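Have the sequence and the 3D view open as you read.

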Amino acid sequence: MGEGKTDWRTALMAEAAKRAGMYLAAVPERRVAPSPEAVAGLSGFAEPMPAGPTDPLEVLAQLDEVGSPATVTTSGGRYFGFVIGGSLPAALAANVLAAAWDQNAGLRVMSPVGAALEDIALRWMIELFGFPSGTAGAFVTGATMANFTCLAGARYALLAQRGWNVDAEGLFGAPPIQVVVGDEAHSTVFKALSLLGMGRNRVITVPADGQGRFRADAFPKLYEPSIICIQAGNVNTGAFDPAQEVVEAAKESASWVHVDGAFGLWAKCAPAREHLMAGYSDADSWATDAHKWLNVPYDCGLAFIRDAASAYAATNVQAAYFPAGADRDPMHWTPDSSRRARGVEVWAAIKSLGRSGLAEMIERDCHCAARFAEGLRKAGYAILNDVVLNQVLVSFGDEQMTRAVIHGIQQDGTCWCGGTTWQGQAAMRISISSWMTTDEDIDRSLKAVVRVAQAVARKHVKSHIR
Ligand SMILES: *Cc1c(COP(=O)(O)O)cnc(C)c1O
């Protein structure tokens, strides 16, 4: 091959870039949910195990021709399901280049650039979120693993204070840790607790108010040692637990306060939302996602732990062939060892936006959520939450009608919204988390939702007359 190899690779990558570019150019006008025909077309992949090689250009062509039509347009401005976010142009382009690099970010010696960009991205985020400068940070797959990593640090620290080395001895025979969670804690917090041997069900649950916030007046007496899990950004309402009160109560018993801020933490970057984050930087650990509101490609979550020594003790890994350097080796700070260099995209995203661009993106999404809510309210539908951030809950009447509107809008393809049950009531859930979403996207989506809701209402009336 020799010289020809370079040309062949360049041509393949150019073809991939061309196909990706054409896909992205079509995103603004694409259906949000793929058509049933496109999903049925996935049978085009159902071939017998290939007996021999296929030309990479042909592999790419099949992927694009069969695969691209069956994607959900989460990369566009009108996907409002779950809490998703798209990919900022700089982050996506960096992701493509980093994929070509194929770096293993586990050790600095395996990827100096991966480690350097992690260091810088972590430093920038610690500054953005207002955490103490010695805070340890780690790149993980998502907020689920970030919750896990932070709670592993908490478990280590609280038991070490009582003379128990959980790393060496495990949990059998250890002093019990009391875990306090809000009634509205995210399901992944319970998953992390279960994985850590702290149990889903042995938690003390604090009742929630109408917005899903921790009721500070219903706070239990804390026994030592305790971990209290609070939430910045309820996944339904976007509400924030009262961090100041919780941190104050925790201080007296030397409890560990952990924050699940998968998307809510980013409120700190927008001056008009920053007040929601009051008291949060006084916590002990924080989990967040970059693949949600920072709009980097999947997967990318972040764990921050104030007590760096405990963070290291909880997740470091040793082997005779690992170098022992003074510099931070990423694999000592996360449950993973080998992994991709996630710091690349976070660095690119923050570098491309800067403080002002970040503030603008977060604020615009919040503004769009308020605009959507206002439009729905004017059309006569009930908004079930205080729209303080990027989340909107709307009811279209009874459960059956609300479910029918959700189904209808998903079929319609203009935008995509999911459903939930909020404090016993069926609701459509709208989450605005994309760098692409504009007022125009909101107005277009609003029109579609109202059109679908009116059709559902007409059908409902008809069926009652009959
Ligand atoms: C999304 C989310 C999680 C889980 O995050 P993943 O990135 O899916 O692992 C946890 N907590 C909250 C509040 C979330 O919104």
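**Pockets, ligand and cavities**

Start with the largest pocket: 36 residues line it, and Ala-20, Tyr-23, Leu-24, Leu-92 and Val-96 sit nearest its centre. On a 1 Å grid over the protein atoms alone, a pocket is an open set of points with protein on both sides within 12 Å along at least five of seven lines, a cavity is a set where a 1.4 Å probe fits but cannot get out, and lining residues have an atom within 4 Å of a point. A word on ground rules: this is a predicted model, where local features need pLDDT of at least 70 and side-chain atom pairs count only at pLDDT 80 or more, while totals for chains, interfaces and linings use all residues. Residues are numbered from 1 along each chain as its sequence is written, and side-chain values use heavy atoms, with hydrogens and water left out.

Back to that pocket. Its volume is about 1,100 Å³, taken as the space filled by probe spheres set on the grid points, which are joined across faces, edges and corners. Helix H1 gives the largest share of the lining, eight residues. Where does the pocket lie? Domain 1 (2-30 + 34-71) and domain 2 (94-349) both give residues to its lining, so it lies between them; the domain bounds come from an automatic or database domain assignment.

Now look at the ligand. It is surrounded by 14 residues, and the closest are Thr-144, Asp-260, Asp-289, His-291 and Lys-292; to count, a residue needs a heavy atom within 4 Å. An oxygen atom of the ligand is 2.7 Å from an N or O atom in the side chain of Asp-289. A nitrogen atom of the ligand lies 3.4 Å from an N or O atom in the side chain of His-186.

His-186 turns up again in the lining of the second largest cavity, along with Gln-231, Gly-233, Val-235, Asp-260, Ala-262, Phe-263 and Lys-292. That cavity has a volume of about 50 Å³.

What about the largest cavity? About 80 Å³ of space lies in it. It is lined by 15 residues, and those closest to its centre are Gly-182, Ala-185, Cys-229, Gln-231 and Asp-241. Strand S4 (residues 226-231) gives the largest share of this lining, three residues; strands here are DSSP runs of E with at least two residues, and helices are runs of H or I with at least four, numbered from the N terminus.

Methods
Polar contact = N/O pair within 3.5 Å; in protein donor to acceptor, adjacent residues only side chain to side chain.
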